[in-house]
Amino acid sequence: MTKPRLLTMMREGATPRRAGTARAARHLALLLAGATALSGCQSILDQAYQPNVAPSENPQIVDEVQKNDPRAQMGAREHPRIVASYGGEYHDAKTEKLVARIAGALTAVSENPSQSYRITILNSPAINAFALPGGYLYVTRGLLALANDASEVAAVLSHEMAHVTANHGIERQKREEAEVIASRVVAEVLSSDLAGKQALARGKLRLAAFSRQQELQADVIGVRMLGEAGYDPYAAPRFLDSMAAYARFSSVDPDSDQSLDFLSSHPNAPQRVDLARRHARAQGMEGTVGDRGRDYYLAGIDGLLFGDSPEEGFVRGQTFLHGSLGIRFEVPKDFQIDNKVDAVLATGPGETAIRFDGVDAGDTTSLTNYLTSGWVAGLKPETVRMASVNGLPAATARASAERWDFDVTVIRIDDQIFRFLTAVPKGSPALETVSTVLKSSFRKMTPQEIASLKPLRVRVVTAGSQDTLATMAARMMGTNRKLDLFRVINALPAGAAVSPGQRFKIVSE
C-alpha cells in the first residue's frame with residue numbers, strides 16, 4: 001500500500017522555530033534514535049528521474065545532447081535525492097510552461113547557449129532555487145508564489161544558470177569526497193536507515209552552496225543575462241528584498257531551520273544587494289529598461305498550490321488536519337505548528353515542544369509492548385499505561401533525559417500508529433496540561449470534514465473601486481496575520497495604497 005508522506009518520517013535533527021525549544025526538540029529526536037527502519041518508507045535513492053520541463057520543445061534532443069556529458073551524469077545521479085528532499089515534483093502545465101518560457105529566453109543569452117537545461121518545479125513551500133552540474137535547475141513552487149513578475153524568477157534562474165556555465169558545480173564536486181565520508185558516519189550512527197538516507201540527502205543539498213566569490217560571479221553574470229534577455233535588470237535586488245521580508249515574516253526566531261531555503265545557501269548581505277543594483281545601473285536607470293512580465297506571470301501562477309500540500313496535511317490556526325489519513329488534532333493556543341516533511345512540530349512557551357509522526361503498525365499486537373520495544377530512550381516502564389483516546393486504542397508513558405521530561409502517547413488506527421512526544425523542562429506542570437490537550441483533541445475526521453478540506457492556492461484578483469488594503473487582505477485564508485502576509489507576497493512597501501484595476505495575489509481555497 002502506498003503510504004502518505006507523513007508516514008515516511010523519522011529524519012533526525014528537525015529544528016523547531018524557537019531557540020529554547022530547539023533543545024527540547026533535539027531530545028525528541030534522541031528518543032527516536034533507537035528506532036528501526038520504517039517498513040514501507042519511501043527511499044530517497046529509488047526514484048527514477050522523469051523529464052518534465054525544458055526550454056526545448058523536444059526533450060529527446062536534450063537527452064541526446066547530454067548522454068555523453070559527464071557533468072549531466074553527475075546531475076542525474078543526485079537528482080532523485082534532491083526531488084525526494086523537497087517533497088517530489090510539482091506538476092501544473094500552465095506553471096511549467098511559464099517557467100520554461102522564462103528559462104528559454106535566458107538560455108539564448110547565456111554564457112553557453114548550447115547548454116541544455118532540465119528544469120524541475122519542486123513541490124515545496126520553501127523559498128529556494130539551485131542548480132546541479134549538467135544543467136539541472138530547480139525552483140520551488142514556494143518561490144514562484146512569492147515572486148510578482150517574470151523578471152524576478154528570471155533573476156533567480158539566470159543566477160543559477162551562471163553557476164552552471166561557470167562550472168561552479170565542478171569545483172564544488174571536489175568537496176564531495178569529504179561529505180560522503182561524513183554521510184557514511186551519519187548512516188552508521190543512526191540506526192534508522194531512512195534517517196541516514198535523509199541525512200545524506202541534506203549533505204548533498206549542502207553541496208549546492210557555493211563560495212562567496214562564486215555567488216558574486218553568478219550575480220554579475222545573472223544581471224547581465226537579465227538585461228540581454230529583455231528583462232528588468234533590477235529584478236535581482238528587488239526579489240532578494242522580497243525573500244528577506246518573507247523570511248522575517250515566517251520566522252519566529254532567527255535560529256529557525258532554514259536549511260532548505262534560498263537565503264541559507266545564498267548569502268543576502270546588504271552589500272550583495274547593493275552590488276546587484278550597481279550592475280543593473282550599467283544597463284540603464286531603474287524603471288526605464290527591461291520588461292517585468294507581470295501580466296503573463298500572474299496568469300501563469302493563478303491557482304498555484306500555496307503552503308502545505310494535501311500529502312502533508314494542513315495547518316489551520318491551532319489545528320492540524322490530514323484528509324488522506326483522516327485525522328486531526330489541536331495544540332494549545334500559544335503554540336505554533338510547523339508542518340515539516342518528516343514530522344509535525346509545535347513549539348510553545350516555557351521551552352515546550354511537541355512532535356507528531358506516524359509509522360506502520362506492522363505486526364504490533366500490543367501498544368504497551370510497542371512503547372517498551374526500545375525505540376524510546378529514557379522510558380520509565382512503570383509509567384506505561386493502556387488508554388483510550390476518543391474511542392481509539394492508545395497507550396501512554398513518561399520518559400526522562402537530562403533536564404527534560406517527556407510524555408509519550410501512541411494511538412492506533414487500523415494498520416497505523418500515530419505518536420505524540422511532548423517535551424518540557426524537568427518538573428514543569430505544563431507536561432500534563434499540554435499532553436491532555438493533544439490527547440483530548442486527536443480524533444478521526446468525519447467524511448464531511450474530509451470532503452470540505454481544500455488546499456490553499458494563489459489566486460489573482462483585481463481591486464474594485466471600493467477596495468482598500470484592508471478589504472483585499474481580508475480575503476486571505478490560512479493565516480492569522482492576513483495583512484502582513486498580503487503585504488509580503490505582493491511586495492507592498494509601507495504606506496502602499498490600492499488602486500482600482502490593480503491586480504494582487506491573495507491566498508484562498
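Phe 306 has Leu 456 of strand E16 as its bridge partner, in a model that is predicted, with local features requiring pLDDT of at least 70, side-chain atom pairs counted only at pLDDT 80 or more, and totals for chains, interfaces and linings using all residues. Residues are numbered from 1 along each chain as its sequence is written, and side-chain values use heavy atoms, with hydrogens and water left out.

Strand E4 and strand E16 (residues 456-462) are antiparallel and share two bridges, where strands (E, at least two residues) and helices (H or I, at least four) are DSSP runs numbered from the N terminus, and pairing requires at least two bridges found by DSSP. Both belong to an open, antiparallel sheet of three strands in the order E4-E16-E17, whose edges are E4 (305-306) and E17 (503-508), each paired on one side only.

Helix H14 lies across E16 and E17, at about 15° to E17, whereas helix H19 (residues 482-489) lies across E4 and E17, at about 130° to E17; axes are lines fitted to C-alpha atoms, for helices over the stretch in contact (heavy atoms within 4.5 Å), and angles run from 0 to 180 degrees between N-to-C directions. H14 (residues 294-301) also packs with helix H4 (residues 93-107) at an angle of about 145°, the axes being 7 Å apart.

The chain averages a pLDDT (the predictor's confidence in each residue, from 0 to 100) of 75, and 70% of the residues score at least 70. Over residues 1-26 pLDDT stays under 50, as over residues 252-260. Where pLDDT is low, the predicted coordinates should not be read in detail.
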